[in-house]
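Hi,

Here is the structure I promised to pass on.

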Amino acid sequence: MPAQASAPLQAPSVASPEAQETGAAPAKGKPVDAAGAEHASPQQKSWLVRHFSLLLRRDRQAQKAGQLFSGLLALNVVFLGGAFICSMIFNNVAVTLGDVWILLAALKALSLLWLLYFAARTTRHPHAVLYHDPHAGPIWVRGSLVLFGSCTICLNVFRVGYDVSHIHCKSQLELIFPVIEIIFIGVQTWVLWKHCKDCVQVRTNLTRCGLMLTLATDLLLWVLAVTNDSMHREIKAELNALMENFSGNDTNTCLCLNATVCEVFQKGYLMLYPFSTEYCLLCCAVLFVMWKNVGRRLAPHTGTHPGTPPFHLHGAIFGPLLGLLALVAGVCIFVLFQIEASGPTIARQYFTLYYAFYVAVLPAMSLACLAGTAIHGLEERELDTLKNPTRSLDVVLLMGAALGQMGIAYFSIVAIVATSPHELLNRLILAYSLLLILQHIVQNLFIIEGLHRRPLWETAPEGPAGKREAEPPRRGSLLELGQDLRRASLAYIHSYSHLNWKRRALKEISLFLILCNITLWMMPAFGIHPEFENGLEQDFYGYQTWFTIVNFGLPLGVFYRMHSVGGLVEVYLEA
């Protein structure tokens, strides 16, 4: 009879680890109730099982309802803002850029108020943050937030300076919008840096709605940055007006009072423009992870990050050496191209040099990714099938961000094939576009395969029966403790000194790809944009269409390289 009565009493503890990790009710708990119902009396199962399962079911229903409502809020805000932006593009008389700025200023003000409330009140509640997601907000993500946020603030400072230098022919109201954006970006960067790992447990519905409102605001800022070329057109018109003045023709174009100061503002704005769109994308990713973690309860053993080994080379030579060669060559080409781009025109040999560098590097990266994917297939490591929202988002971001450069490549292929594919430069651009598509595909396969492998440091030691030892460590004598430490140290030394050829090859490949992706991130991120300058695609598609295509693809491409570096570092550490 005691064995029969123990079944219903143990039913709540069966579902607790999964329920704690996901914050959801164990909907699969009915077989336990049915098994206990065969022998247990109704009095024994009436309160514990029913009340526990009812509370968990209500908790999961409330969580789903809150996610649905906040998601619908964000969707409506995005549709409203998208309608304003599209109306400005197709009918800029009825809906002007100023109207879009007013709407975005209102959204930024609401998001700013919620961010301040979240930091000052919600997170200071005694039971607000009981758990932290160890996989959310790695240091490279938070560092990128600070870097891109600082560059976006500098961009708005340059914009304010440009407007002030043209204050005699511009409205003073235009100075308010960059100032609001500076305050919004500063507060948002600080809040995301400090609270990106939090799993908030109080005021969950308000927190979800605030996160989705802020995410929708960042997404609309990105859409406006992608489609709005008004500043670029102003700079181009001013340069044309200066040329007309030098030639003796009069013009009524609004000109800068101090040409040197204006040139500094123009160059700074154009160079930092990709960082603004990059920052918006990164904030959307971090806010989405925070939204998924609202109300999430982690099991005690997952509350802290596992003992990740430090970043060491482990005798890797060829990967860092080849990667450094690619990095030095990329820096040299970047400097040469930037010096040439400071002049009125860019000679064709510099475009040839730029695309020839890519045609040399991309095949080497593709071969390395194919070799790494084949080695992953030969490994004995198990696949990590546990639910991980951060890793799932990493995979989605890798696949989604790859569409940016791949889209530009496909448009370039069509333009080249339809016009003049026999010229040397056009052949290089065609080869570059095809190799870029291939490299994105095989690199995604390599990184995703590596992220789904179980890290070696998380593999539990096996007992004599082949089963993993899961019992808690018992308290023993000082001699036993010393023996355990010595055994663990010998196992660690054996694991990392006896690197087989598969693990060593994976580390070499990962280091080579990390340095190459840093090189390919640096070149478009800091102002080198041959897609704008070569003129081929712009003449084929038109200025407005090609501006939108490139502004959509380039930030995604920069984000893809940066995100790939983070994924490759994890693959290297887990090898």
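Below is what turned up, starting with the overall picture and moving on to helix pairs and charged side chains.

A word on the ground rules: this is a predicted model, where local features need pLDDT of at least 70 and side-chain atom pairs count only at pLDDT 80 or more, while totals for chains, interfaces and linings use all residues. Residues are numbered from 1 along each chain as its sequence is written, and side-chain values use heavy atoms, with hydrogens and water left out.

**Overall**

The protein has 19 helices and two strands; these are DSSP runs numbered from the N terminus (helices are H or I, at least four residues; strands are E, at least two). Of its 575 residues, 47% are buried. Buried here means under 20% relative accessible area, exposed means over 50%, and partly exposed is in between (1.4 Å probe, protein chains only). Taking contacts with a separation of 6 or more, 88% are between residues 24 or more positions apart; a contact means heavy atoms within 4.5 Å.

**Two helix pairs**

First up are α5 (residues 97-122) and α7 (residues 176-195), whose axes come within 10 Å and cross at roughly 35°. Axes are lines fitted to C-alpha atoms, for helices over the stretch in contact, and angles run from 0 to 180 degrees between N-to-C directions. The crossing of α5 past α7 is left-handed, that is, the near helix is turned anticlockwise from the far one by less than a right angle (clockwise would be right-handed). On the α5 side the contacts include Trp 101, Leu 112 and Phe 118, and the α7 residues they meet include Phe 177, Phe 184 and Trp 190.

The other pair is α12 (residues 348-378) and α16 (residues 501-525), packed at an angle of about 150° with axes 10 Å apart. That makes the two roughly antiparallel (angles over 145 degrees; under 35 is roughly parallel, 65 to 115 roughly perpendicular and the rest oblique). α12 also passes α16 in a left-handed crossing.

**Charged side chains**

How many salt bridges does the structure hold? There are two, counting a side-chain nitrogen of Lys or Arg within 4 Å of a carboxyl oxygen of Asp or Glu.

One joins Glu 181 and Lys 108 (3.5 Å, N to O). This pair links distant parts of the chain, with Glu 181 in α7 and Lys 108 in α5, 73 residues apart. Both ends are buried: Glu 181 has 15% relative accessibility, and Lys 108 has a relative accessible area of 5%.

The other joins Asp 163 and Arg 159 (3.4 Å, N to O). These two are four residues apart in α6, so about one helical turn separates them. Asp 163 is buried at 2% relative accessibility, as is Arg 159 at 8%.

Then there is Arg 142, also in α6 (residues 139-165). Arg 142 is buried yet has no salt bridge, and the nearest side chain of opposite charge, Asp 198, is 9.3 Å away. For charge, Lys and Arg count as positive and Asp and Glu as negative; His and the chain ends are not counted. Leaving out residues up to four places away in sequence, Arg 142 touches Gly 137, Trp 193 and Cys 196.

**One last residue**

Val 335 sits in α11 (residues 318-341) and is partly exposed at 40% relative accessibility. Val 335 and Met 523 are 188 residues apart in sequence, but 9.5 Å apart in space, C-alpha to C-alpha.

Cheers
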